[in-house]
Amino acid sequence: MKVVVAVFPGTNCEIDTKYAFEKIGCDVELLFHKNNQLPNNTDLVVLPGGFSYGDYLRSAAIAKFSPVMNPVIEFANKGGMVLGICNGFQMLLEMKLLPGAMKRNQNTHFISKYQYLKVISNNNKFLSKTEVGDILNIPIAHGEGNFFIKDDKIKELYDNEQVLLEYCDKDGDKENPNGSVSQIACLCNREKNVFGLMPHPERAIEDLLGSNDGVKMLEGFLNNSYSAN
Amino acid sequence: MKIIVNIQLKEGVLDPQGKAVHHALLALQFNEVQNVRIGKQIILDVEDNEKEKILKRVESMCEDLLANTVIETYEIEIEK
């Protein structure tokens, strides 16, 4: 599988992301933001974490105007798989490929720690190798991860199986590190080809580093037995 | 011409920074403060002097980049 990781000034997770996808057997290319086209054989585009353009104005507000975003939007609209991790998730929100917006964490702190997550829906390629109710242990590291969406839109997200992960404690009970509406940690679009999450699965791929729960998440993209119905 | 854009979180959207500053003010005995909201001000120096036209342009700037209208509102004024 060909994975393209877009690189912006200020992103800092592209190398970890490349390493993680290579570890599960993908061919990975880093693509600088000034490129205005994607390689022809691209199967998955990843927008990595970090602080694109210094997070000036708002997190990810400026990255959406990078040349590379034009082919990324086109790729997503044609059904191509796009994954945004952390700052990448914020980019997807700013580009309106996913609904909602991010606010400063409720406690105003930058939070960097391991966080348990509960699988809410696996009816999508990304989480197709997990089971609903699984508890995953994945690091989070963000200052603006407080997901906001209007109350009247929340039910729709759940009805369409667009909420994939919620923050929880180790027993799967409610826990909310950043104030997100309904503890939402991971979302996809209605068509289930664009995914965004604040936690970093690419940082949880070795037992030695505390968790390898990220592997079965990323491996979902390789799961050819899953097909959208 | 100087254009001032004021950006605020929408009413009803919780402002964590404002809340933290409010707590700090109360800790300093400024007990008269009822609520704090924090926004940002963007000051633009523009060449064009056609008022109507530039106001329209700044509105587009707000919609496209300066504000995130999912959570923020903006007000545009011309400095006299």
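## A loop residue with positive phi: A:Cys86

A:Cys86 sits in the loop between strand E4 (81–85) and helix H3 (87–94) of chain A. Helices (H or I, at least four residues) and strands (E, at least two) are DSSP runs, numbered from the N terminus. Phi of A:Cys86 is near 60°, a positive value in a residue other than glycine. Most residues other than glycine have a negative phi. A:Cys86 is buried, with 30 other C-beta atoms within 10 Å. A residue is buried if 20 or more other C-beta atoms lie within 10 Å of its own, exposed if 12 or fewer, and partly exposed in between, with C-beta atoms placed from the backbone.

This is a predicted model: local features need pLDDT of at least 70, side-chain atom pairs count only at pLDDT 80 or more, and totals for chains, interfaces and linings use all residues. Residues are numbered from 1 along each chain as its sequence is written, while chains are lettered from A and ligands numbered from 1 in the order in which they are written.

## A second case: A:Gln183

A:Gln183 also has a positive phi, near 55°. Its loop runs between strand E9 (163–168) and strand E10 (184–188) of chain A. A:Gln183 is buried, with 20 other C-beta atoms within 10 Å.

## Overall form of chain A

Chain A has five helices and 11 strands. Its radius of gyration is 16 Å, close to the 17 Å that the globule rule gives for 229 residues, so chain A is as compact as a globular protein of that length. The radius is taken over C-alpha atoms, and the rule is 2.2 Å times the number of residues to the power 0.38. The C-alpha trace spans about 45 × 40 × 35 Å along its principal axes.

Of the 229 residues in chain A, 51% are buried. Among contacts in chain A with a separation of 6 or more, 75% join residues 24 or more positions apart. A contact means two C-beta atoms, placed from the backbone, within 7 Å.

## Nonpolar cores

A nonpolar core is a set of buried Ala, Val, Leu, Ile, Met, Phe, Trp, Tyr and Cys residues joined through C-beta atoms within 7 Å. The largest has 71 residues, and A:Ala6, A:Val45 and A:Leu92 touch the most other members. Leaving out residues up to four places away in sequence, A:Ala6 touches A:Leu31, A:His33, A:Val45, A:Leu47, A:Val68 and A:Val72. Another core, of six residues, lies apart and includes B:Ile3, B:Val58, B:Ala67 and B:Tyr74.

## Contact between the chains

Chain A gives 12 residues to the contact and chain B gives eight.
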